Each structure stands twice: as structure tokens, then as C-alpha cells.
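Subject: Structure for you to look at, with notes

Dear colleague,

I am handing over the structure we spoke of, and my notes on it follow below the entry. Please read them with the coordinates open beside you.

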Amino acid sequence: MICALLLYGGKVIAEAKTLPRGYVAIEEGRIVSLGEDWTGVEAHQKIDVSRYIVTPGFIDMHTHGIFEVNFVEDNLESMLRGIKHYFTFGVTRVVASTISRPLEKTVEQIKRLRRVKEESEYCALLHGVHLEGPWLAPRCQGGHSLEYLRLPTEEDVTFVLEEVGDMITSVTFAPELPKAVWLTEALAQRGILPIIGHTEASYEEAERVILAGARHVTHMYDGILGYRENPDEALVMLPGVETAVLYYDTVSVELIGCPIHVPKPFFQFIHKVKPMDKKVLVTDSLSGAGMGEGTVLRYKDGRRVRVIEGVVRMIDEDPTIDGNLTGSAVTMNIALQRLREYTGISLEEALRWATLNPAKVLGIDHETGSIAIGKRADIAVIDDSFDVQYTFLPGEMVFRK
Ligand SMILES: [Zn+2]
Ligand SMILES: [Zn+2]
């Protein structure tokens, strides 16, 4: 057999089992053969990956940007130039996240992202858009400006879906808002993933949208108030959104790979209580992610931020604003390293949080997310510390250390 590319000698994390010293053969962007004996396999290009681990490329279903790329507000040229930075960190698929802004501006930006998908030589990297807001609970605003939060109306939802519905793969909203059930059904009917997030919903409110088709939770334990105190009975807790999303096995949960956003015990807890394929690792990264400690960035609205220990914090003369957390600067490979450290789970299981699991949640596991014959050769080659050596998309080398 002659193929285009052969990766041989490394530890291959195949979907069915781990091959301690295996190979992956690639032809026309697809995995055509894998196993432990590559003696009969001829290839136009052979790469010895003996010291490394061959894993499916990472899928980040919640990221606002990386390095100098900012999906929220960048122009087309910057995004076309910058999205390749994801490859440095082993990422082969992203869902670009918006934040709450005037709806017309969000729609304009999603049209720009559509052009990135159409025009980029790396178009396969961009799966679609995650609409985060504006239909969020004000008390759980997080990094979203209060002035842009709104209630879902048929007029707004129809406007967004008609203009850019083809690009939207997921929408985060608060289940307690009026018309949330209608919104959930409208999204689910179109094949868009309805996501619970930025919410202080009661158990019943959360349950209603789960029954209507909500299947995922945005950055659990961040911008989510899980319980309420019973106003009529002192110190009696009422079940809230946390109980509902943990109770229903149909709902997957994402955690930001950052101990400041998600304290360490939550990683062990979610690992224990959620089914194997319902746990997802994300970065929720902003531009600045992957840049050096102390990097200062200026957003278009004039705000300045600094990268400090894996998070992005405000710089401001006002001491009540200075130092405030605005987002994460973690990258997928570092998030994975932390997940293993915090939970002690196996390499294979940790990788699933960033590969096959998000692929299943997004409904793209038939074509990517694992190393199996017939799937796209979206592959990262890493060392034991999750330091990325090569990235392939699909089957083309797009990064080499
Ligand atoms: Zn958020
Ligand atoms: Zn976000």
C-alpha cells in the first residue's frame, strides 16, 4: 500500500485501543490504515514520531480568540491571518464564540466569520459559531455587559436565524427567561445545540428547557448559581440548575481548564458524576491566550487588559475595576495537562474530554474526534507534557515545532 503520509513509531491513541508503538497511514486527508506493524506501508512522506503521542486533534467548542485573533470584533483580514495560531496548541476544530453586543453588530460579525469559513485555507478549523448571549441572566452576566443583555423575542431570534442561522452551531441562554422553552425548541428544530448558561434558573426552569432539547452547559461553575435558599424555610435549600443538569444524563457539561475559573475539586466531581461521553474541556479563551505572561492588549472599545497566570485581567485607573477577571488565556494543551493533574485520570480518558466528547456533543463525531479508519486525519502529535510537536488538518501538516 502506498499512502501520502505515514506517522510511525509513536504511542497512538486510537479510538478502539492505545497502540504503545503504532502507526497511522493517511491518504487524501483521511485515515486509511493503523496498527502496530508498518513494514508493508509505503508513503510519500514518513515521519518518525517515536518519542511522541499521536492523538486526535483537539476540539475547542468555546473560544473567543487566541493570540491576537479576536472572533468577537476582528475584521476579516485579521481573522484570516490569525486563526492558524490554534494549530500551535494542537487544536484542529473550533467553535468561535461571540459575546453580548448589539444584535446587529453580532450578526455582522458572524457574516465576517462566514467569510473566514469560505475563504480561509484552514476553513476546516472553523466549525461554526457559538452565540453566547444576549439572552442571559443579568445577575450572572460574567464578562457580558449588562447594557446588551436582552430577553429573547420572536422578532430578534428570527432575525438572527434568518441572517446567520447557517453559521450558528450552538446558543447559550438562561432557562429562566420568558420564552426560553420556545427558544430551545426553535433552536433544536433547526439542529442548533441549545446550551444552558449564565443562569440562576430553578430546577423546574432548567428541567423545562432540558425536556425541550437543551443538551449542554456552558462553563459550569462559572456564571451559574446552582442553588437557592427557600425563602419560607430557614436554611432549606431548593434544587437549582446544577441539580437538573447533573441529574439528566442527556446533558453534557463543559469546564474551563483554569483553576481560577473552576476550582480544582469540581474537575474531580464532574469526572465522577457525569457519564463518560458527557464531559468536555474548553478554554473560553480570549485574544491574549497563548501569549507570554504580562502581555498587554488593547480592545477596540479602549479597554486594556493584561495576561496574568493564565487569565486575562483588566488594567484601569479605577481600583474597583483594575485587576478584574475578564476571561481565560488558557490553551487546550495546557487545559489537558491540568485536567490530568487535577483528576489523576488516564491520558486516554483526559484526551476524550477534548476530542471525541466535544465531537459527539457537536454531532461531528462521524468525521473527526478520534483516530479510526475513514475519519479525517485531524491529528496532533504531542509529548508527555502536552507540548505540541505537529498538527495535521486533515492530513496536511499545518504546524511543526
Ligand atoms: Zn460566558
Ligand atoms: Zn465565553
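The centres of domain 1 and domain 2, taken over C-alpha atoms, lie 31 Å apart in what is, please bear in mind, a predicted model. Domain 1 is made of two stretches of the chain, 2–51 and 384–400, while domain 2 covers 58–368. Where the two meet, 10 residues of domain 1 are in contact with 14 residues of domain 2. On the domain 1 side of this contact, strand E23 (388–392) and strand E24 (397–400) each supply at least two residues, and the residues on that side divide into seven nonpolar, three polar and no charged.

The largest nonpolar core has 122 residues, and those with the most contacts inside it are Leu 7, Val 24, Val 54, Leu 281, Leu 336, Ile 371 and Val 381. Strand E1 (residues 2–13) gives the most to this core, namely seven residues. Because domain 1 and domain 2 both give residues to the core, it lies between them. To take one of its members, Leu 281 is in contact with Leu 255, Gly 257, Ala 335, Leu 336, Leu 339, Trp 353 and Ala 354, once its neighbours within four places in sequence are left aside.

Which residues of H2 are buried? They are Thr 106, Gln 109, Ile 110, Leu 113 and Val 116, and because they cover an arc of only 105° around the axis, they sit on the same side of H2. On the other side of H2, by contrast, Glu 104, Arg 115, Glu 118 and Glu 119 are exposed. The cover over the buried residues of H2 includes helix H1 (76–82), strand E9 (91–97), strand E10 (126–132) and helix H3 (154–164).

Several residues in loops also deserve a note. Asp 74, in the loop between strand E8 (69–70) and H1, counts as buried because it has 22 C-beta neighbours inside 10 Å, where 20 or more are required. Not counting residues up to four places away in sequence, Asp 74 touches Val 69 and Met 79. The C-alpha atom of Asp 74 is separated by 25 Å from that of Ile 195, which is 121 residues away along the chain.

Pro 134, which has its place in the loop between E10 and H3, is joined to Gly 133 by a cis peptide bond, with omega at about 15°.

His 198 is found in the loop between strand E12 (193–196) and helix H5 (203–211), and Tyr 221 in the loop between strand E13 (216–217) and strand E14 (228–229). Are these two residues buried or partly exposed? His 198 is buried, with 28 other C-beta atoms within 10 Å, whereas Tyr 221, with 18 C-beta neighbours inside 10 Å, counts as partly exposed.

With best regards

Key: Residues numbered from 1 in each chain as written. Chains lettered and ligands numbered in written order. Predicted model: local features only at pLDDT ≥ 70, side-chain atom pairs only at ≥ 80, totals over all residues. Core = buried A, V, L, I, M, F, W, Y, C linked by C-beta atoms within 7 Å. Buried ≥ 20, exposed ≤ 12 C-beta atoms within 10 Å, placed from the backbone. Helix = DSSP H or I, 4+ residues; strand = E, 2+ residues; numbered from the N terminus. Domains from an automatic or database assignment. Contact = placed C-beta atoms within 7 Å. Arc of directions from axis to C-beta. Nonpolar A, V, L, I, M, F, W, Y, C, P; charged D, E, K, R; others polar.
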